[in-house]
Amino acid sequence: MKFSGWKLSYFLLAFLFVPDRAFAMHIMEGYLPIEWAIFWWVLSIPFIILGLRSIRKTIDENPETKMILGLSGAFAFVLSALKIPSVTGSCSHPTGVGLGTVLFGPLVMSVIGTIVLLFQSLLLAHGGLTTLGANAFSMAIAGPIIAYYVFHGSQKMGLSFSIAVFLAAMLGDLGTYIVTSVQLALAFPSEVGGFMASFTKFASIFAFTQIPLAVSEGILTVIVMNFLKKYNVSELKALRVFSAKEAH
């Protein structure tokens, strides 16, 4: 465990020296106009309050799931800290919220994701405090909501558990980057073409690296979920992730 901890620390420190850009999946400190920063905070706070209640209820009913809840947070922290350089000086990264969304639902991830973003802004200079509301809305709220409905919709369509998890994680990731593009386009509409021209610019900047990253995140999330399915089946049944039949 000690050796693994050192490897994780080295891994995170290596990415600490990758500078944040204006065109990044985490919007940098001070980049948004104050009125938009406040707007996204106002939208995010109700979800966070509901998420705190959901966490309390989940832990009260299933205290044995605390370890998996911590794992979901760690998974999101590590993946979303991986800043991959993209075109025009931008950077992209996975979000890591699909795993926790499948396990606990989108409300819980609104809190976990916001905590992840807070620590990243304080420890890794990734994102910012004034833009935390906007970043939380895209990665910790919108992404998990998309992942949640994709996962349950896929299951209703009769797709396998692994395919449903893959699609949820992948489309939740892509949904996050689309929402971030919308946020930037609303704050900085183009002089020629307005919102749509600006959205197209921001979305195309992210798409070059975000699409393959989303696919990779989907595959990794399936691998982790299959591991949990093998060794933590009782906890997953308690969380109603799947039925007893699907566990085999």
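Q: How are the axes and angles of packed helices defined here?
A: Axes are lines fitted to C-alpha atoms, for helices over the stretch in contact, and angles run from 0 to 180 degrees between N-to-C directions. Helices are DSSP runs (H or I, at least four residues), strands likewise (E, at least two), both numbered from the N terminus. The model is predicted: local features need pLDDT of at least 70 and side-chain atom pairs count only at pLDDT 80 or more, while totals for chains, interfaces and linings use all residues. Residues are numbered from 1 along each chain as its sequence is written, and side-chain values use heavy atoms, with hydrogens and water left out.

Q: What does the protein chain contain in terms of secondary structure?
A: There are 9 helices and 2 strands, and along the sequence they follow the pattern α-α-α-β-β-α-α-α-α-α-α.

Q: Why is α4 called oblique to α5?
A: Helix α4 (residues 97–104) and helix α5 (residues 106–123) pack at an angle of about 140°, their axes 7 Å apart. That angle makes α4 oblique to α5, since angles under 35 degrees count as roughly parallel, over 145 as roughly antiparallel, 65 to 115 as roughly perpendicular and the rest as oblique. The crossing of this pair is right-handed.

Q: Which residues bring α4 and α5 into contact?
A: With contact meaning heavy atoms within 4.5 Å, V97, G100, T101 and F104 of α4 meet P106, V108 and M109 of α5. These residues divide into 5 nonpolar, 2 polar and no charged (Ala, Val, Leu, Ile, Met, Phe, Trp, Tyr, Cys and Pro are nonpolar; Asp, Glu, Lys and Arg charged; the others, Gly among them, polar).

Q: What makes α4 oblique to α6?
A: Here α4 and helix α6 (residues 132–156) pack at about 60°, with axes 9 Å apart. The angle makes α4 oblique to α6. This crossing is right-handed too.

Q: Which residues of α4 and α6 meet?
A: From α4 come V97, T101 and V102, and from α6 come M139, P144, A147, Y148 and F151. By class, this contact has 7 nonpolar, 1 polar and no charged residues.

Q: Why is α7 described as largely enclosed by the rest of the structure?
A: Buried means under 20% relative accessible area (1.4 Å probe, protein chains only). In α7, 20 of the 27 residues are buried, so the helix is largely enclosed. In the protein chain, buried residues make up 52% of the 248 residues.

Q: How far does α7 reach from its first C-alpha to its last?
A: Helix α7 (residues 161–187) reaches 39 Å, close to the 39 Å expected at 1.5 Å a residue.

Key:
Left-handed = near helix turned anticlockwise from the far one by under 90°. Expected span 1.5 Å × (residues − 1). Buried < 20%, exposed > 50% of the residue type's maximum accessible area, 1.4 Å probe, protein only.
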